[in-house]
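Here is a friendly walk through one protein model, written for someone who likes to know the cut-offs. Have the viewer open and follow along.

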Amino acid sequence: MENNREELESKAKVLQAADSIMNCETVALDEEKKAVVIIDQTKLPGRTEFLRLESAQEIWDAIYLLKVRGAPAIGVAAAFGIYVLADRMETADYDCFLKEFQKQKEFLDSARPTAVNLSWALNRMESVVLAGQNKSVAELKELLRREAIAIKEEDIRVCRAIGEYGLTLLKPGDGILTHCNAGQLATCKYGTATAPIYLGQERGYHFRVFADETRPLLQGARLTSYELYAAGVDVTLICDNMSAAVMKNGWVNAVLVGCDRVAQNGDVANKIGTSVVAAVAKRYQVPFYVCAPTSTIDMDTPTGVDIRIEERPAEEVTTMWYRERMAPEGVRVFNPAFDVTDNDLIAGIVTEYGIARAPYRESLQEIFRKKKAAAEAKP
């Protein structure tokens, strides 16, 4: 009886902590103190810590070290970050302001090469400055603030729309497998791959979710299972090499993943191991869907071969999660952060403007036509 009580109390503490994280903003702007505020995701799920980022190096480090991660969240953090840095620039001369702005932009953009949202957000902020040659520096700073806030607000609307479209691909009671974390912690709300899951949860779909642990940084174990559990979703954590077993058992009806960059031909760069899940899903005839905001679609990148893949430190594989080193000293380590899933393994790419299907060059162009039409229709 005592053991049962302790188990219930432990579960209650986990739920309470997880519930509180779901009510926190992944990325926020402290306008009074001019700082970017993030949840330090490297500490989850054990501790909930907030970081206040003020300098360029602090913002760069937070992005590179995955304290803020997930393509959409990185984009929002970059937008807030470049605004904070711009606001501290003391010059009133436009040319000097532009030169310093571009210097800081290039520095932040170097933090993560694969996630296109980083450069997308920074380019969007730069366009505000380039279009404001006839405005004062003070006016430009205010416009940059508004643009950064708009990027965040759009992220929330986009994720909600992705959730609605994604939900049309599913039915109540479905088993869903997801890889890495494309959840609320990777965005500002809802997530991308988890957005259909959260909307389904609200509507009584009773999905059964299998979350890959996602080696070597364990985003699935530390983040996805954590937030889904907090939301009351039926979630089961599995090791990466168990995906074939659950699919062969018939427990998975669809795979939903996020991504960091979509090429023009529909090839997708996502967290390392995604292509393995896609190949296994193809073998067991489970549809594999990528949930991607249009900001993640790079029509200037022809194919996945053209996507630069970030390689990360060997320590993430050999020592990070262990009390003692789990590999011999001196052994070579290959640690790419992402892999590319070929478009022929993908059943559909779910965006905020609909679902693109093969052939992707044509369907993605149609998605952008819809986006342009929606923009032109705004008053």
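## Ground rules

Helices (H or I, at least four residues) and strands (E, at least two) are DSSP runs, numbered from the N terminus. This is a predicted model, in which local features need pLDDT of at least 70 and side-chain atom pairs count only at pLDDT 80 or more, while totals for chains, interfaces and linings use all residues. Residues are numbered from 1 along each chain as its sequence is written, and side-chain values use heavy atoms, with hydrogens and water left out.

## Backbone points to check

Let us begin with the loop between helix 2 and helix 3, where Leu-66 is found. Leu-66 is not a glycine, yet it has a positive phi of about 65°. Is Leu-66 buried or exposed? Leu-66 is buried, with a relative accessible area of 9%; here buried means under 20% relative accessible area, exposed over 50% and partly exposed in between (1.4 Å probe, protein chains only). His-206 also has a positive phi, near 55°, in a residue other than glycine. His-206 is found in the loop between helix 7 (195–202) and strand 5 (208–212), and with a relative accessible area of 61% His-206 is exposed.

Two cis peptide bonds are worth a look too. One joins Leu-44 and Pro-45, with omega about 0°, and Pro-45 has its place in the loop between strand 2 and strand 3 (50–53). Another runs from Ala-358 to Pro-359, with omega near 0°; Pro-359 lies in the loop between strand 13 (354–356) and helix 12 (360–377).

## The nonpolar cores

In soluble globular proteins, nonpolar side chains tend to be buried together. A nonpolar core is taken here as a set of buried Ala, Val, Leu, Ile, Met, Phe, Trp, Tyr and Cys residues joined through side-chain atoms within 4.5 Å. Which members of the largest nonpolar core touch the most other members? Of its 41 residues, they are Val-27, Val-68, Phe-97, Phe-101, Met-125, Val-129 and Leu-144. Two or more residues of this core come from each of strand 1 (27–30), strand 2 (35–39), helix 2 (56–64), helix 3 (71–87), helix 4 (94–109), helix 5 (116–130) and helix 6 (137–167). Helix 3 gives the most, with 12 residues. Another core lies apart from this one; it has 26 residues, including Phe-210, Val-255, Ala-281 and Val-290.

With neighbours within four places in sequence left aside, Val-129 is in contact (heavy atoms within 4.5 Å) with Tyr-94, Phe-97, Leu-98, Phe-101, Leu-140 and Leu-144.

## Helix 5

Helix 5 has 15 residues and reaches 21 Å from its first C-alpha to its last, close to the 21 Å expected at 1.5 Å a residue; the expected span is 1.5 Å times one less than the number of residues. How many residues of helix 5 are buried? The count is 11 of its 15 residues, which leaves the helix mostly covered. Among them are Asn-117, Ser-119, Arg-124 and Glu-126, as well as Met-125 and Val-129. The buried residues of helix 5 pack against helix 2, helix 3, helix 4, helix 6 and strand 8 (261–262).

The structure holds 20 salt bridges, each being a side-chain nitrogen of Lys or Arg within 4 Å of a carboxyl oxygen of Asp or Glu. One of them pairs Glu-31 with Arg-145, with the closest N and O atoms 3.0 Å apart. Glu-31 lies in the loop between strand 1 and strand 2 and Arg-145 in helix 6, so the pair ties together parts that are 114 residues apart in sequence. Glu-31 is partly exposed, at 36% relative accessibility.

Arg-145 also meets Glu-142 in a salt bridge (2.7 Å, N to O); both lie in helix 6, three residues apart, about one turn of the helix. Glu-142 forms a salt bridge with Arg-146 as well, the closest N and O atoms being 3.0 Å apart, and these two are four residues apart in helix 6. An α-helix has 3.6 residues a turn, so residues three or four places apart point the same way.
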